[in-house]
Amino acid sequence: KFQKTVFPTAPAEWDGRVGKKTLQEMDNRLPKGAAPVVNSTSMSALAEKDKSTSLRWAQAAVQSLSTARAFFASTSGPFNPAAQPPPLRIALLALEAHFHFSTVVGPRVTAIDFISKSYGRAINVLANSQSFFIDDTTSQEALNGTPAHVPFAKGKVNFTPAFRERTAAGQGFGPKCRAAMVLHEPIHITNHPLSSTLQTHVHEGDPKYATNLAAFQLNNAHSYACFAQHCFFGSDTRFGIGRPAE
């Protein structure tokens, strides 16, 4: 019907295929929105600056996981996290808060190793960020105002014009919020495709975050950003898109 409308005198074009001419006619009819404003201090350049914070958080997570692994290697029965001395207490409480460790099926040491390897791969992405961080001004996510995203199976962290420093007018994001995003997104690369399902990609402010099983939380990018902060600060801070000013 579209081809008959735009090529009324050319029946040869009515083949039902989106060829070069048909695609051009479709493009001509798309609304032309204004291009997002690109700021030199935003996007991947800003993410490069933020990643030092992300790396510190991730390294704190790895250290806490090492402490927790030693504990689980020698403990198989029930235990009370609150009764343990720090830093073990912090590690155990963080594991329950963000990975719901009490619902792990199988050896707990195996789950610790999975989380540790995921952090290791994410740290590698951050350490080689110039190969993974790119600017994005044209995708639908950029037009929607999504600050950062990983296109499915593309293996690159895309930062859009919405990823910028917080302004007095309340636009953009604070440094801790951005660092959480910078740590969050590499999990979508390293744990693809399991980190991008509706069951696993649950925001830390969503009520489901508190009830999701470990099988899903182990691949939840939000869990990795929040667990790392919990280990670094010693409390459940949950900096991220839900706390844009910080």
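What volume does the second largest pocket have? The second largest pocket comes to about 170 Å³, where a pocket is an open set of points on a 1 Å grid over the protein atoms alone, at which a 1.4 Å probe fits, with protein on both sides within 12 Å along at least five of seven lines. Its volume is the space filled by probe spheres set on the points, which are joined across faces, edges and corners. The model is predicted, so local features need pLDDT of at least 70 and side-chain atom pairs count only at pLDDT 80 or more, while totals for chains, interfaces and linings use all residues. Residues are numbered from 1 along each chain as its sequence is written, and side-chain values use heavy atoms, with hydrogens and water left out.

Lining residues have an atom within 4 Å of a point. For the second largest pocket they include Phe72, Leu95, Phe101 and Arg108. Helix α4 (residues 88–99) gives the largest share, three residues; helices are DSSP runs of H or I with at least four residues, strands are runs of E with at least two, and both are numbered from the N terminus. By class, this lining holds eight nonpolar, one polar and two charged residues. Here Ala, Val, Leu, Ile, Met, Phe, Trp, Tyr, Cys and Pro count as nonpolar, Asp, Glu, Lys and Arg as charged, and the others, Gly among them, as polar.

The largest pocket holds about 380 Å³ of space. Of its 21 lining residues, Ala148, His184, Glu185, His201 and His222 are the closest to its centre. Helix α7 supplies the largest share of the lining, five residues, and the lining as a whole has 10 nonpolar, nine polar and two charged residues.

His184 deserves a visit of its own. His184 sits in helix α7 (residues 175–190) and has a relative accessible area of 7%, so His184 counts as buried (under 20%, with exposed over 50% and partly exposed in between; 1.4 Å probe, protein chains only). The side chains of His184 and His201 are joined by a polar contact of 3.3 Å, that is, a pair of N or O atoms within 3.5 Å, one able to donate a hydrogen and the other to accept it.

Finally, the largest nonpolar core has 52 residues, and Phe72, Leu95 and Phe227 are among those with the most contacts inside it. Such a core is a set of buried Ala, Val, Leu, Ile, Met, Phe, Trp, Tyr and Cys residues joined through side-chain atoms within 4.5 Å. Helix α3 gives the most to this core, with 12 residues.
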